[in-house]
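Let's take a walk through this model together, one region at a time. Have the sequence and the 3D view open as you read.

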Amino acid sequence: MTDRRWWHGLLLLAPALVTLGALTLYPTVWVVWLSLQRRVPIFDVHRFEGLGNYLFLATDPRFWKAAQVTVVFTVASVLLEAGGGVLVALSLLLLAWALPAVVTAKLFEWLYNPAVGLINFALGGVALNWLGDPRLALPGLILADVWRTMPFVTLLCYARLLAIPAEIYEAAQLDGAGAVATLTRITLPLLRRILLIAVLFRTLDAIRSFDLMFVLTGGGPAGTTETLTVYAYRSLFQAVQLGLGSAVGVVVFALVMLTAWGYLRALRSEGIVA
C-alpha cells in the first residue's frame with residue numbers, strides 16, 4: 001500500500017518535475033558545458049577549451065575587481081539592511097520593497113543628478129557627481145539597494161516582534177532591566193533566527209543582483225561598480241564571448257551555492273532547519 005502511494009505521488013509530481021528539469025536542470029548543464037568551450041560566433045570560433053576559461057579568469061584583473069565589488073556590495077548592503085530592518089518597522093516603508101529594481105534605479109538616477117538631484121540639494125547644493133565619481137558610485141549604489149530592500153527585513157522582524165509575548169517585557173521591567181538590556185538580552189536574541197533567514201535571502205539576492213547597477217551605472221565609472229553579474233552580461237552579450245561569459249556565470253552559481261550551504265549550516269545549528 002505504501003509503495004502504491006509513493007508511485008501515485010510521484011506520478012502526480014511528474015509534470016512539475018519535468019517542467020522544473022526543463023527550466024532549470026537543462027540550462028544549468030548547458031551553461032556548464034558552454035563554459036568549457038571557446039565560442040565567439042561573430043568570428044566563427046568554436047572549439048573545446050576545457051578549463052581554459054577558468055584559468056583565464058584566475059589571472060584576469062577585471063574578474064577579481066568584479067569579485068571585489070560584488071563582495072563589498074553584498075556585505076555592505078546586507079549589513080545595512082539587517083541593521084536598518086531591526087530598527088525600522090514602519091509599514092509605509094514597505095512601498096519601497098514593492099517597487100521593481102529598474103524603477104528604483106531610475107528614481108535614484110534622478111535623486112543623484114548633479115544639477116537638479118534632491119540629495120545634492122539636501123546636502124546644501126553641493127555638486128556631487130554620485131554616479132560619475134569612482135569614489136561615490138559604489139556607495140551610491142549600495143544606498144539605493146538598501147532603500148529598496150530594507151523593508152523586506154523590516155517586515156520579517158516586525159512579524160517576529162508581534163509574536164513576542166508582552167509578559168516577557170513586563171517581567172524584564174519588574175527585574176529592573178533598562179531599555180538597552182531589554183534590547184540586547186531579550187529582543188535581539190529572539191530575533192536571531194528570523195534575522196538569519198532574512199540575511200540568507202538578502203545575501204543570495206545581493207550576489208546575483210544585476211538590474212540595479214546595470215541601469216544606474218552600467219558597471220562604471222572605470223569598472224568601480226562592475227559586479228560579477230555585469231561582467232558576465234558584458235562577456236556574453238557585448239563581447240559575445242559565450243564560453244567566457246558562461247564561465248563567469250558558473251562561478252556566480254558556485255558562489256551562491258557555497259553561501260547558501262554556509263547559511264544552512266548556521267540555520268541547522270540554530271535548530272531552524274532539520
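Ala232 sits in helix α11; helices here are DSSP runs of H or I with at least four residues, strands are runs of E with at least two, and both are numbered from the N terminus. Ala232 has a relative accessible area of 9%, so it is buried. That word means under 20% relative accessible area, while exposed means over 50% and partly exposed is in between (1.4 Å probe, protein chains only). Setting aside neighbours within four places in sequence, Ala232 is in contact with Gly245, Val248 and Gly249, where contact means heavy atoms within 4.5 Å. Ala232 and Val251 are 19 residues apart in sequence, and their C-alpha atoms are 9.8 Å apart in space.

A word on the ground rules: this is a predicted model, where local features need pLDDT of at least 70 and side-chain atom pairs count only at pLDDT 80 or more, while totals for chains, interfaces and linings use all residues. Residues are numbered from 1 along each chain as its sequence is written, and side-chain values use heavy atoms, with hydrogens and water left out.

Now zoom out. The chain has 12 helices and two strands, and along the sequence they follow the pattern α-β-β-α-α-α-α-α-α-α-α-α-α-α. The C-alpha trace spans about 75 × 75 × 30 Å along its principal axes. Of the 274 residues in the chain, 38% are buried. If you take contacts between residues at least 6 apart in sequence, 67% of them join residues at least 24 apart. The accessible surface comes to about 16,000 Å², and 71% of that belongs to carbon and sulfur atoms; accessible areas come from the Shrake-Rupley method with a 1.4 Å probe, and for residues only the protein chains shown count as cover.

On to the inside. In soluble globular proteins, nonpolar side chains tend to be buried together. The largest nonpolar core here has 50 residues, and Leu57, Phe73, Leu141, Leu195, Leu216 and Tyr231 touch the most other members. Such a core is a set of buried Ala, Val, Leu, Ile, Met, Phe, Trp, Tyr and Cys residues joined through side-chain atoms within 4.5 Å. Helices α3 (61-87), α5, α7, α9 (179-207), α10 (211-216), α11 (228-238) and α12 (242-269) each supply at least two of its residues, and the largest share, 10 residues, comes from α9.

Between α10 and α11 you'll find Pro221, joined to Gly220 by a cis peptide bond with omega of about -5 degrees. Ala222 lies in the loop between α10 and α11 too, and it has a positive phi of about 55 degrees although it is not a glycine. With 74% relative accessibility, Ala222 counts as exposed. In the loop between α11 and α12, Val240 also has a positive phi, near 55 degrees, without being a glycine.

Next, the aromatics. Which residues make up one aromatic cluster? They are Phe108, Tyr112, Trp130 and Trp147. The structure holds 11 aromatic pairs, meaning rings of Phe, Tyr and Trp (its six-membered ring) with centres within 6.5 Å; planes under 30 degrees apart count as stacked, over 60 as edge-to-face and the rest as tilted. Phe108 and Trp147 are an edge-to-face pair, 5.6 Å centre to centre with 65 degrees between the planes. This pair links distant parts of the chain, since Phe108 is in α5 (residues 101-111) and Trp147 is in α7 (residues 137-163), 39 residues apart. Phe108 is buried at 4% relative accessibility, whereas Trp147 is partly exposed at 33%. For a stacked pair, look at Phe210 and Phe214: 4.9 Å centre to centre, 20 degrees between the planes.

Trp147 turns up again beside Thr104 of helix α5. Thr104 is buried, with a relative accessible area of 0%, and beyond four places in sequence it touches Leu99, Ala144, Trp147, Arg148 and Leu212.
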